[in-house]
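Visitor: I would like to go through the terms used for this model one at a time, and to see what each of them rests on.

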Amino acid sequence: MEDFVGNRSYRSGGGRGARGGRGRPWRGGRGGARGGGRGGRGAYGDTETRRPIRLGFKALKDLENKTPDEIVLDLTSSRCFPASEFLLQEQTPMTEDVTVLTVSILSKACDCSSKEYLIKLLNLLPGSLFLNLHLRQRLNSLSASRMSPSDVTEFLKNVIKVMNELLRRFPNAYADLPIPDLYCGAMVLSETGNLEDVNLMNEVGELMKLKTEKASELKRKDEERRQGRGRVRRNGERCVV
């Protein structure tokens, strides 16, 4: 996974130590500030630097072959979380194969046993560039996709799974999720006879129903909070003499 974990680099210098020749000042411990030797630690602390990590196609393919727990632990680790943030929130442009592969990995991650780390990972998605741009584009151009019908079906099932998880974990984000785009994309395929799994529209319909339920539930709770604050204010006014 060479494009997954960046190689370490050290400040330039030569040899094992940082002590110069006769008469030269002390540069620090073994592999000091200018030394590129074994230690890399100088008198003023660790001078080791690291290249930014990027999740390339090969790294994503390697991740896809891991277990759900391994995927989540890798993507949320202190070493690799910045790469996860970049992939989901900043990376552009993004090819179709990388978008599809990312959805597949996220879908598999939803089956992990570590819900705390899963929430940390999924929390990157609402309002992200990945959802609002890349995934929306793919869903709205399914009829022109180069994927086989079976691959399109698998892609849509993975999207449905991720959207379900996001709705349950982050109901406040319902308006940011590309669920209407998913519905329209699947409907176009269904009407043109290019949707391989006829039951898929039922799954999309259930997802739309869940989205509506979450939106109604949030509005009801918001109204209850407003009414509660109004009652508190009125009671406070009665107490004023």
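Visitor: Why are helix 1 and helix 4 called roughly parallel?

Guide: In this predicted model, helix 1 (residues 57-64) and helix 4 (residues 96-109) pack at an angle of about 30°, with their axes 10 Å apart. Angles under 35 degrees count as roughly parallel, and therefore helix 1 is roughly parallel to helix 4. The crossing of the two helices is left-handed, a term that applies if the near helix is turned anticlockwise from the far one by less than a right angle.

Visitor: What makes residues of helix 1 and helix 4 count as meeting?

Guide: Contact means heavy atoms within 4.5 Å, and by that criterion Phe57, Leu60, Lys61, Leu63 and Glu64 in helix 1 meet residues of helix 4, including Asp97, Val98, Leu101 and Lys108. By class, this contact has 6 nonpolar, 2 polar and 4 charged residues, where Asp, Glu, Lys and Arg count as charged.

Visitor: Which residues are closest to the centre of the largest pocket, and which element gives the most to its lining?

Guide: The largest pocket has a volume of about 280 Å³, and of the 14 residues that line it, Asp97, Val100, Leu101, Met147 and Asp151 are the closest to its centre; lining residues have an atom within 4 Å of a point. Helix 4 gives the most, with 5 residues, and the lining divides into 5 nonpolar, 2 polar and 7 charged.

Visitor: What limits apply to these values?

Guide: Local features need pLDDT of at least 70 and side-chain atom pairs count only at pLDDT 80 or more, whereas totals for chains, interfaces and linings use all residues. Residues are numbered from 1 along each chain as its sequence is written, and side-chain values use heavy atoms, with hydrogens and water left out.

Terms used:
Axes are lines fitted to C-alpha atoms, for helices over the stretch in contact, and angles run from 0 to 180 degrees between N-to-C directions. Helices (H or I, at least four residues) and strands (E, at least two) are DSSP runs, numbered from the N terminus. Angles under 35 degrees count as roughly parallel, over 145 as roughly antiparallel, 65 to 115 as roughly perpendicular and the rest as oblique. On a 1 Å grid over the protein atoms alone, a cavity is a set of points where a 1.4 Å probe fits but cannot get out, and a pocket is an open set with protein on both sides within 12 Å along at least five of seven lines; lining residues have an atom within 4 Å of a point. Grid points are joined across faces, edges and corners, and a volume is the space filled by probe spheres set on the points.
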